[in-house]
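Please read these points with the coordinates open. They cover confidence, the overall fold, the cores and the salt bridges.

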Amino acid sequence: MKKSLLLMGLAVAAFTACTNEETIEVADSRMLSFKGAFVGNATKAVTDVTTDNIKEFYVYGRYNNGSLFTGERVYESGTEGTWIYDDLKQWTAGTYDFAAYSDGGAANNASTTVDVNWDGSDLTITDYNASVQKDLVVSIASNANDLASSNVPVEFNFAHALSMIKFTIQSELGDDANAITISEFTVTGLNGQGNLTYNGTAAWDDLDTPATLSNAAEFTTESSAAGESDPFVVIPQTTSLTVKFTATLNNGGDVNVTKNLQATITDATWQPGYKYNYIATITGANMDIITFAEPTVTAWDETNWTTGSATDNEGALTNQN
């Protein structure tokens, strides 16, 4: 009966969320519940957790400075907007605080974190490895102090703890007939593991484990449409990157020209929750292609003009009908 009332209360909460109503009028329902998550800075990248696609998160909570939740999985039920968990807790008068994270946001997604702790002030994630390419979002509940008396769902506003980068490859080599295929695209020079401390601001330290980013498939760049790599989520840091790839030019459909190219990006600095697009341009010199410089035309010298007649015998216009 109490679980049914909980679900009813959650449904009411979802319906009234747009008007900021926070009171659930369900008699005898004192179960602690969680509200649908909001994630800021949404993008269309496949690795990105957004308000629309998040399906689960993990909750840490304390009651009167003692442990209440230690990684409780909160997930969206079959009814959109209804969020549930398995080990139900009742509100009791006292002091509460909550924090949460979502690692990829997908339902039934195994956590890739090694150690997570919430002390009422700092949410810490130790030895987080970004090589799995899952967006990590974190939050501390801002409305935790008075919830026991009002019995409203705990609400999290998630922020992205990682950075996102991608690479755009432009071409200066003619029209789209000279498309360039980019393959074996790799990025090195960054660390893929570290410790996160979040208390409203994400801070990373103890970075280690050199990482290599690799594009999943080939992509093509044309003069009219630059090619783009996959987006990558990375641990925020300052580093120098080396970008390497193989460029294959389909030279008018007759001869393929292939070159191994690389570039260095010094002092790349990434902040949590920001996206960075690095742009490179392939030129004729990169591919050792014969190219032509911008032409110059000597100005007319009007003193070169001479006067002549235009008669029938000297090229006058005639009727060709």
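1. Contact here means heavy atoms within 4.5 Å. Residues 24 or more positions apart account for 68% of the protein's contacts with a separation of 6 or more.

2. This is a predicted model: local features need pLDDT of at least 70, side-chain atom pairs count only at pLDDT 80 or more, and totals for chains, interfaces and linings use all residues. Residues are numbered from 1 along each chain as its sequence is written, and side-chain values use heavy atoms, with hydrogens and water left out.

3. Check confidence before anything else. pLDDT is the predictor's confidence in each residue, from 0 to 100. Its mean over the protein is 78, and 72% of residues reach 70 or more. Residues 1–31 fall below 50, yet this stretch has 43 contacts in the model beyond near neighbours in sequence. Residues 40–46 also stay under 50, with 12 contacts beyond four places in sequence. Where pLDDT is low, the predicted coordinates should not be read in detail.

4. The secondary structure comprises 3 helices and 18 strands. These are DSSP runs numbered from the N terminus: helices are H or I, at least four residues, and strands are E, at least two. Of the 321 residues, 41% are buried. Buried means under 20% relative accessible area, exposed over 50%, and partly exposed in between (1.4 Å probe, protein chains only).

5. Now the interior. A nonpolar core is a set of buried Ala, Val, Leu, Ile, Met, Phe, Trp, Tyr and Cys residues joined through side-chain atoms within 4.5 Å. The largest has 28 residues; Phe167, Phe245 and Trp270 are among those with the most contacts inside it. Strands supplying at least two residues each include β10 (163–171), β11 (180–198) and β17 (255–269). A separate core of 21 residues includes Ala99, Leu123, Met164 and Ile235.

6. Which residues does Phe167 contact, leaving aside neighbours within four places in sequence? Among them are Phe185, Val187, Leu241, Ile265 and Tyr278.

7. There are 6 salt bridges, each a side-chain nitrogen of Lys or Arg within 4 Å of a carboxyl oxygen of Asp or Glu. Glu76 pairs with Lys55 at 3.1 Å, N to O. Glu76 lies in strand β3 and Lys55 in the loop between β1 and β2, 21 residues apart. Glu76 is buried at 18% relative accessible area; Lys55 is partly exposed at 33%.

8. Arg73 and Glu56 meet at 2.6 Å, N to O, in another salt bridge. This pair links strands β3 and β2, 17 residues apart. Glu56 is buried at 2%, whereas Arg73 is partly exposed at 23%.
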